[in-house]
Amino acid sequence: MKSSVKIFNINDAKKEYIKTSNGRPFHNMGLGFSYYSPAYVLTNEDIRWVSGLTKTRANKVLTVAGSGDQPIFYAMNGAKTVDTFDISFCAKVAMDIKSAAIKKLTRDEYISMIFDMRNKDKVSDIHQISDIATDIPQNSAYFIKEMDEYPIFSNGLSPESYIEILPTEEEFAQMKKAISSPFKFIWTDINSLHSHLLQEYDVINLSNILEYMTPEQISKTLVSLRNYVRPQGYIIAQTGSWGIHRNRKAFYEASQKFKHWAKIGLLQQNKKKANSEMIVVLQRIR
Ligand SMILES: C[S@@+](CC[C@H](N)C(=O)[O-])C[C@H]1O[C@@H](n2cnc3c(N)ncnc32)[C@H](O)[C@@H]1O
């Protein structure tokens, strides 16, 4: 049986935030990644590199929603179906805003919106979002209205730290052409992602999530997802920048159990740089 779809609840969302003495809310850090934890506004992984690796082979992709950059870059690289999942509803909202903004805004307006999402105290102070309000899916538009004073896009470092991930002029023009409607979103913890899936994908990108899991949890996740990768398709586990790959070994080791099912590779973006990003790739062979 497929699991039921979760419906968001503004009171539950507000309860995840704590008010400080000056009345400003912040997310309860004890919750970690949760149903309403703040979204990132830019990815901290090199999704440009990783989505490019499967450019000619990734027609159908399933990826974390994150900041929205993962699905946006896969679509830019030619994927026809890009479905997303995330434990946080705020990730869906950030992704919806960014994909609507790409259609309507100039690149400069888009970039300044990303900085404002991270830095402004109220979403209603971000005029670029007001300009695209009617293009955002209704549930996301309602969410930002109700959560106006909550820091729903405050995760991670400020965008200045990830500036190289901002799209170039050429990429932005390609994104405009490639994105026609909001990405499908599955609101779930990765543990039960499989129970929502209805099709096989060419690529499943588990970007910057497995690092937070134990080898046992990683194994379970791979078992649950492997039937949703088409033969010769890939499960990619990507790590964050600056050597945030503390669990890289754990994932590589957990992957070894799947040798009979997949070819397993470890790729580093720049072999000369110790901190360079790594991915573990499982390619299904049977
Ligand atoms: C660690 S963050 C890194 C930044 C992210 N890749 C981006 O593009 O901004 C990864 C994303 O995974 C989501 N996430 C973390 N743990 C998860 C889990 N157990 N199941 C589903 N999503 C999860 C977070 O909500 C976040 O959006």
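The model is predicted, so to speak for local features a pLDDT of at least 70 is needed, side-chain atom pairs count only at pLDDT 80 or more, and totals for chains, interfaces and linings use all residues. Residues are numbered from 1 along each chain as its sequence is written.

The open sheet has 7 strands in the order β5-β4-β3-β6-β7-β9-β8, with mixed pairing; strands (E, at least two residues) and helices (H or I, at least four) are DSSP runs numbered from the N terminus, and two strands pair if DSSP finds at least two bridges between them. β5 (184-187) and β8 (262-268) sit at the edges with a single partner strand each, so one side of each has no neighbour in the sheet. Strand β3 (residues 60-64) runs parallel to β4, joined by 5 bridges, and V64 stands opposite F85 in β4. Strand β4 (residues 81-86) is mostly covered, with 5 of its 6 residues buried (20 or more other C-beta atoms within 10 Å of a residue's own, C-beta atoms being placed from the backbone; exposed means 12 or fewer, partly exposed in between).

As for the ligand, 21 residues surround it, and the closest are Y40, T43, G66, S67 and I190; a residue is near if its C-beta atom, placed from the backbone, lies within 6 Å. The shell splits into 8 nonpolar, 9 polar and 4 charged residues (nonpolar: Ala, Val, Leu, Ile, Met, Phe, Trp, Tyr, Cys and Pro; charged: Asp, Glu, Lys and Arg; polar: the others, Gly among them).
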